[in-house]
Amino acid sequence: MAVMTNAPAHFPRIAACGDSALAVEFSDRIDEATSARVVAMAGRLAAAEVAGITEVVPTYRSLLVHYDPALVRGRDLTVQLMDMLECQADTESTARHIIVPVLYGGETGADLDALAALKEMTRNDLIAMHASARYRVYMIGFAPGFAYLGGLPERLHTPRLAVPRQRIEAGAIGIGGQQASINSVPGPSGWRFIARTPLKLFDPSRKEPFLLRAGDRVRFRAIEEAEAAHLDAAVARGEPVEEWATT
Amino acid sequence: MMTVQDLGRVGLSRFGVSGAGPMDPPSLRMANRLVGNAESDAGLEFAQVGGTFVVDAPVRFAVTGASVGMTIDGKPVHAWESHHLLPGQTLRIGAVVNAVWGYLAISGGIDTPPVLGARTTHLRTGLGGFDGRRLAAGDGLPLGASGHAPLLALRQPLARPRGPFRIVPGPQADHFDASAWKIFLEEPFRIATHRDRMAQMLDGPAISAFAGHDIISDGTVAGSIQVPSSGRPIVLMAERQTTGGYPKIATVASVDLPRMAQAMTGSFVHFRVITRDEAEDLLLDQSRVLASALSGLEEKDKTTETAETETTSGRSNT
């Protein structure tokens, strides 16, 4: 077998994922610069309409490129992508900024007080720290519309629970290790949850079923019960309540 | 275990939506063609046992995939060819015997509302198909409109690959050292009972990733072979998650993935490395062979109908 190499990997590199996909890997770290390159490459490929590419999937540090080998062979696509990587700058097109209203605590955010105690902070200080940070959508994955966010303040980094909970509601705002999340569908999770948003990240009946995409910038805005109830009702009526900002 | 499946929900992986679709796509495509449907129409996928079906309008149907015994009003009929089913008749599809997944196509296709562009059921997220769930006794399924078409039969069995399962190393092949690769390629692995539409676990010697069993989550494909810290490989199947955090030692060649899905629980598999070029060639060859089989279906005429009856009565005499 000649596949084993113990030499450190050089980035960017392109790895085969079978006969119909390859991964363009930009680094082996989670950071904003890497994510920016991934998102920029995804945008360039969409704009270039490279023959045979059927789908691209941006993730933290790599871009998965699906292709149809009847239209382009993997070795040829690898050469094309390497050329694109060398020739073009890694600048992202204008990012979208969204403000996500969140109700801290409550049933869905049941870990808020315990987390504040763990961090030796007051509940309000924790909320202020979480709500003042600037986040970036690194990846949509795991479940439809599920947003993995980077940008969580280091003091709020918290290991996952030893025993996952069976059901966490859609819209739950979570912390898992150094990552933050906005959950999109109900399901089990070992993350800690401190808040919920009335916004639906995934609604298959909506014209745009997915609220967020990789590269979006996110800020949270703390809301009270009354506004949450108002937004819940508006969302239930199918009214658009998202707040997009341009900067 | 029966679900509505079409060829899958494509193009939405970047939004976290699994492609889902059938575990054995060539069998669903063939079943559809046998009844005069488009290959992309929705049919029913089942494991263990088929079930009992009645219709309120005349239809053509065909069963493919695993071998099953089936009858119309008690009279045995063959798989891999289409038959009429009339109101008042009862179709019984028995237990799956030599494989795992069977397919039932009905003329007009299952006409449940498409969700995100497809009728495939993704059970984990309750998306698509019949209310996003597996079918239960008593469910009534809407059928699409269908015109007249001849009854068709596949005369040459669909060619299935044999021998070791072909894999293309990577994308995290270099997380595993020579001794891990030696075990992976030389030892047999057993198809574990822990299997579903999402993933196939393999029992066998543990495989250790010297670079660790956690990676920064990245994209997966159907056929990705993940190795978590237990050292037991997991092959991702049709209903896979779009991203995963375990190193992927290799990817099963697309041509061998339906065979993995259909491999009997407890059977042994070996892996053999091929190049990406070879895997692509195999896939293109298989596409041509399948296209030829799909377009070469024969019309069942009176002669074959008679032959079928004789065969049937011959069996009942022994």
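In strand 9 of chain B, G102(B) is the bridge partner of G65(B). That strand, residues 101-106, pairs with strand 4 (residues 59-65) of chain B in the antiparallel sense, over five bridges. The model is predicted.

**Sheet in chain B**
- Pairing of strands in a sheet runs through backbone hydrogen bonds, in either a parallel or an antiparallel arrangement.

**Chain B overall**
- Chain B contains five helices and 21 strands.
- Its radius of gyration is 21 Å, close to the 20 Å given by the globule rule for 318 residues, so chain B is as compact as a globular protein of that length.
- The C-alpha trace of chain B spans about 65 × 40 × 30 Å along its principal axes.
- Of the 318 residues in chain B, 50% are buried.
- Counting contacts in chain B between residues at least 6 apart in sequence, 75% join residues at least 24 apart.

**Chain A overall**
- Chain A contains five helices and 14 strands.
- For chain A the radius of gyration is 20 Å, close to the 18 Å that the globule rule gives for 247 residues, so this chain is as compact as a globular protein of that length.
- Along its principal axes, the C-alpha trace of chain A spans about 55 × 40 × 35 Å.
- Buried residues account for 42% of the 247 residues in chain A.
- Among contacts in chain A between residues at least 6 apart in sequence, 62% join residues at least 24 apart.

**Contact between the chains**
- The contact involves 40 residues from chain A and 40 residues from chain B.
- On the side of chain A that touches chain B, the elements giving two or more residues are strand 1 (13-16), strand 2, strand 3 (53-58), strand 4 (62-67), helix 2 (74-87) and strand 6 (135-140) of chain A.
- Strand 3 of chain A gives the most to this side, with four residues.
- By type, the residues on the side of chain A that touches chain B are 26 nonpolar, eight polar and six charged.

**Helix 4 of chain A**
- L126(A), I127(A) and H130(A) are buried in helix 4 (residues 123-132) of chain A.
- These residues lie on the same side of helix 4 of chain A because they cover an arc of only 100° around the axis.
- An α-helix has 3.6 residues a turn, so residues three or four places apart point the same way.
- Exposed residues N124(A) and S132(A) are carried on the face of helix 4 of chain A turned away from its buried side.
- The cover over the buried residues of helix 4 of chain A includes strand 5 (97-104), helix 3 (112-118), strand 12 (192-196) and strand 13 (217-222) of chain A.

**E25(A)**
- E25(A) is located in strand 2 (residues 21-25) of chain A.
- E25(A) counts as buried because it has 24 C-beta neighbours inside 10 Å, where the cut-off is 20 or more.
- Apart from neighbours within four places in sequence, the contacts of E25(A) are F11(A), P12(A), R13(A), A15(A), R61(A) and S62(A).
- A distance of 8.3 Å separates the C-alpha atoms of E25(A) and V38(A), which are 13 residues apart along the chain.

Note on methods:
Residues numbered from 1 in each chain as written. Chains lettered and ligands numbered in written order. Predicted model: local features only at pLDDT ≥ 70, side-chain atom pairs only at ≥ 80, totals over all residues. Buried ≥ 20, exposed ≤ 12 C-beta atoms within 10 Å, placed from the backbone. Arc of directions from axis to C-beta. Contact = placed C-beta atoms within 7 Å. Rg over C-alpha atoms; globule rule 2.2 N^0.38 Å. Nonpolar A, V, L, I, M, F, W, Y, C, P; charged D, E, K, R; others polar. Pairing = 2+ DSSP bridges.
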